[in-house]
Amino acid sequence: MSTVSTFQPRTRRNVELLLLLFAIAVILLAYLNVGLATKGEVPVDLVTQGLWMLVFAVSLHLVVRWRAAYADPFMLPIATLLNGMGIVMIHRLDIARGSTTPTAPRQVMWAGLSIVTAAVVLFLLRDHRILRRYTYTTMAAGLVFLLVPLLPVIGSERGGARIWIELGPFTFQPGEIAKTLLAIFFAGYLIQARDALSLAGPEFLGIRFPRARDLGPILLAWGVAVAILAFESDLGQSLLSFGMFVAMLYVATERTSWIAIGLGLFSSAAVAAYFIFPHLQRRVHIWLDPWAPQYLDQSYQLRQGLMGLGSGGMLGTGLGQGRPDITPLADSDFIFASLGEELGLVGAFTILLLYALFVERGLRTALGTRDGFGKLLAVGLSFLLALQVFTIIGGLLRVVPLTGLTTPFMSAGGSSLLANWTIVAILLRISDHARRPLPDPAELEAAAAAPTSVVNTR
């Protein structure tokens, strides 16, 4: 007589720990390489910086092991490696500039705060489906975060975009948090109105359009968000929110017509924005011909980034042996160009492969999730990260015009880092739900059939 046994999947937490230790070892080796190449000596803060990264990363691993034992084992090591390599390059640029107020220690502080925030989110969010209760709350909170930079006292304008707030010595970009909140709202609303958006509504030219009462709330929220971002001249975040909206709408309805409609709306909006915003016209002209005489001043950053990537060659100049510091914003908007110069084509492709693997694990999580809300949220957050990487690196390589977005996990700055580590925590929670085995039906029946306990009232 054969017996049927329940398959118990492995948690793979030990695999995650080994990969995490390997990622930290790579970061420390790169940090050591920078010190030897620039000063000819071992950095005095090698142990302390490595210890901080080790403590933060392993602490988050322990929280994952405790609260989300079946979470994906690759996301945390990949995010740690990308974050650490960004800190290494920022430290390398501090040395090249001879900065008296280095940026790297502040970036380590932000990394620690972001990882602690991810641990808190993972601890408090025991089930991602709880977020569905706050569908409209997250919409309102997201719009508030977008509006905050417009306030007259704390709002700050930089580079022609009013997307920052200043609180004493600290600056923050609330739009980074808003995009995660809007992703939760999109997922919650689309799962409620999925059938109405897919089946009901008039048909025109072979395309079935949803009824206005079904599409109205989400279209209104998206339109207000994009209008605010356009008013703040933050066209990069507008592109991200629109792309995420179309991707989640397509996954929810399974109708390819939404892709065509989205591309049409995006094209018309891009043409309108070109004629409305003068700085966008300059970016388009710089994208088409950065060596045009009339745009030499404005295209200096792009040209330096391209020449830096070109000078890196196949294997790069070596960490600490290039000149990425002569490129403006080399530690934020153009940090990928800085890494590409010193790590070469091989290193640049490795970074892209890490991003691709992270997005693939997010989409794999969406495929394995058993509830529609988690599936849409995982797709939205994964596509958001993928679109951001494509937009910023595509801008550096002249595939698309520059948008001023940050490179996830790597660019200097705390707001983007905080938002991206929060996304990691949410994806880890969803992947834990997706990979966790279902309860044994026999055990459930036995539990249901067991007599209830009687409370002794004497």
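Is Glu 16 buried or partly exposed, judged by relative accessibility? I looked this up at the outset, keeping in mind that the model is predicted, and found that Glu 16 counts as buried because its relative accessibility is 0%, where under 20% is the cut-off.

I then turned to its partner, Arg 13, whose side chain meets that of Glu 16 in a salt bridge with an N to O distance of 3.0 Å. Arg 13 is buried as well, at a relative accessible area of 2%, and I noted that both residues belong to helix α1 (residues 13-39), where they sit 3 residues apart, about one turn of the helix.

Searching the whole structure, I found 11 salt bridges. One of them pairs Arg 92 with Glu 342, with 2.6 Å between the closest N and O atoms. I recorded this pair as a link between distant parts of the chain, since Arg 92 lies in helix α3 (residues 75-97) and Glu 342 in helix α13 (residues 335-368), 250 residues apart; both residues are buried.

Next I checked Glu 360 and Arg 361, which form a salt bridge whose closest N and O atoms are 4.0 Å apart. Glu 360 counts as partly exposed at 30% relative accessibility, whereas Arg 361 is buried at 14%. Through shared partners, salt bridges join Asp 72, Glu 360, Arg 361 and Arg 364 into one network.

Leu 124, which is placed in helix α4, is exposed, with a relative accessible area of 61%.

Note on methods: Residues are numbered from 1 along each chain as its sequence is written. This is a predicted model: local features need pLDDT of at least 70, side-chain atom pairs count only at pLDDT 80 or more; totals for chains, interfaces and linings use all residues. Side-chain values use heavy atoms; hydrogens and water are left out. Helices (H or I, at least four residues) and strands (E, at least two) are DSSP runs, numbered from the N terminus. Buried means under 20% relative accessible area, exposed over 50%, partly exposed in between (1.4 Å probe, protein chains only).
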